[in-house]
Amino acid sequence: MIRSYKIRLLPTKEQEKMFWEHINGARFIWNWALNYQMENYKNGGKYIFRYRLIKEISRLKELPEYEWLYEISNRTLQLIMFDLDFSYKMFFTNKNRFPKFKSKKHKIQAFPIRSERFYFKEDFVQIEKVGKVKFQTNYNIPVAKYINPRIKCINNKWILTFGVECENQARNLNKNLMGIDLGVKDLATVAYGDDCFVFHNINKSKRMKKLNNKLKHLQRNVSRKYHTNGNYEKTNNILKLETKIKELYYHISCIHQNYLHQTTHKLIELLPKRVVMEDLNISGMMKNRHLSKAIGEQCFSEFICQMKYKCEWNGIEFVQASRFFPSSKACSCCGQIKKDLKLKDRIYKCDCGNVMDRDYNAAINLMRYEV
Ligand SMILES: [Zn+2]
C-alpha cells in the first residue's frame, strides 16, 4: 500500500520565488493545453495524447514570448500533461467532470516535481531547478522510491507531499481486544482488556477555546464591515480580515489533525489483536443540529479512517460493529437492553446493579462485539 507524507518546507526568499514561477508555469501550461485540446475538439479533431502535447510545448518554448518557460523544470511541464491526460480519462469514464481551467485565486496552488531528482539529505530536500530546500518534520523519512512528489502552497505555507510504497508490518500483537466509543463529551473512551482510557475533547481545552473565540470575533468583524459598507464590496480591510480568518481556520484544523494522529497512534501502539468501533451514521447525526457542530469538530470520520489504515499497516484486525448494535443501550454486565436511555444520561444504571460511566459501558460492549 502507499503511505503518504506531508512535510513543511522552509524555502529562502529566492527559492520561494522559484516555487511561484513553477506554480505560475504549471497553471499556464495546464490552461494552454486544455484550451488546445478544446479547440482541437471543436474543429473535429481527435483527442490528443500527452506525447504530442509535450512536443507542442517544446515548440512553444522556441517562441520568444514563452522563453520564460525555460526557467521551469521541463519535467514539471511534462507531468502536467500526465495530469491532464488523467483528468480526461476520469471524464471519459464518467468518474469526474470535465477538466477545468486553473485559477490564480484557487486557495491551493501546486506543481509536480521530478521524482528521479528528488531526495532527502540531512536537513534539506533536493528539488530540481530549485536546489536544496530546508524542511521541518517529525517523521522519519524512509529512503525509498518517492511517488508523485508535489509542492503546494496552502495559506502561504509551503508543503511537500509524496507517497511511499510500503509493506505492511508484521508486529507481535497482544491478546487483548479493544473497543472504542466516540463521543461529544470526550473524543474517545477506550476499553482495552481491563483498562479504560479516555481522550478528552480538544475543543474544551483553554487553548482551543481561545482560538475559537478569536475566530468568532474575526467572523463577526467581517460581517459587520460588509454591513456598514452596504454594497458588499470587498474592501482592503475585509480582504485582510478574510486572510486572517483563513489562516486561523487552517491553524485550528492542523491542531485537530495533529491531535487525532497522536490519539490513534497511542492506541495502535498498544498493539491490540482487534479493534472494534461503531459504524457511525455520521451524516444522519449531522442532521441533529445540537450535535452537528461538536461532531464536525471532532472529525469522527477522520478518526475512524485513521484507525482503519493504521490497523492495516500493523496487521491488526479492524471491525466496525453493525449500525444496529446497541453499544450504548446494552448493559456490559448482564446484557439487558435499556430502551429509555437518553443522550443526557451520563451514567449507565442497570437493574442488575451495574452502575458505570455511559461511554465506558459502550466501549466494553464494542470490545466484546462478536463478528
Ligand atoms: Zn445489567
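Lys216, Arg220, Arg224 and Lys225 gather on the surface in a patch of positive charge. Patches consist of residues with over 30% relative accessible area and no salt bridge; like charges are joined within 9 Å, and nonpolar side chains (Val, Leu, Ile, Met, Phe, Trp, Tyr) within 5 Å. Lys and Arg count as positive and Asp and Glu as negative, with His and the chain ends not counted. The place of a charge is NZ of Lys, CZ of Arg, CG of Asp or CD of Glu. The model is predicted: local features need pLDDT of at least 70, side-chain atom pairs count only at pLDDT 80 or more, and totals for chains, interfaces and linings use all residues. Residues are numbered from 1 along each chain as its sequence is written, and side-chain values use heavy atoms, with hydrogens and water left out.

Helices (H or I, at least four residues) and strands (E, at least two) are DSSP runs, numbered from the N terminus. Arg224 is partly exposed, because its relative accessibility is 49%. Buried denotes under 20% relative accessible area, exposed over 50%, and partly exposed in between (1.4 Å probe, protein chains only). Accessible areas were computed by the Shrake-Rupley method with a 1.4 Å probe; for residues, only the protein chains shown count as cover.

Phe101 is located in the loop between helix H3 (74-92) and S2. Phe101 has 42% relative accessibility and so counts as partly exposed.

The structure holds 12 salt bridges. A salt bridge is a side-chain nitrogen of Lys or Arg within 4 Å of a carboxyl oxygen of Asp or Glu. One of them pairs Glu39 with Lys42, with the closest N and O atoms 3.4 Å apart. Both residues belong to helix H1 (residues 13-42), 3 residues apart, about one turn of the helix. Glu39 is partly exposed at 35% relative accessibility, whereas Lys42 is exposed at 64%.

Other salt bridges join loops. Glu128 pairs with Arg114, the closest N and O atoms lying 3.0 Å apart. Glu128 is in the loop between strand S4 (124-127) and strand S5 (131-136), and Arg114 is in the loop between strand S2 (108-112) and strand S3 (119-121), so this pair ties together parts 14 residues apart in sequence. Glu128 is buried, with 16% relative accessibility.

Arg323 forms a salt bridge with Asp279, with 3.7 Å between the closest N and O atoms. Arg323 lies in the loop between strand S12 (317-321) and strand S13 (347-349), and Asp279 in the loop between strand S11 (274-278) and helix H6 (282-286); the pair therefore ties together parts 44 residues apart in sequence. Arg323 is partly exposed, at 47% relative accessible area. Asp279 is also partly exposed, at 29%. Elsewhere, salt bridges with shared partners join Arg114, Arg117 and Glu128 into one network.

Two further helical residues are buried. Leu248, in helix H5 (residues 236-269), is buried at 8% relative accessible area. Contact means heavy atoms within 4.5 Å. Not counting residues up to four places away in sequence, Leu248 touches Leu211, Lys214, Leu215 and Leu218. Leu248 and Ala321 are 73 residues apart in sequence and 36 Å apart in space, C-alpha to C-alpha. Glu56 lies in helix H2 (residues 50-62) and is buried at 14% relative accessibility. Leaving aside neighbours within four places in sequence, Glu56 contacts Trp32 and Tyr36.
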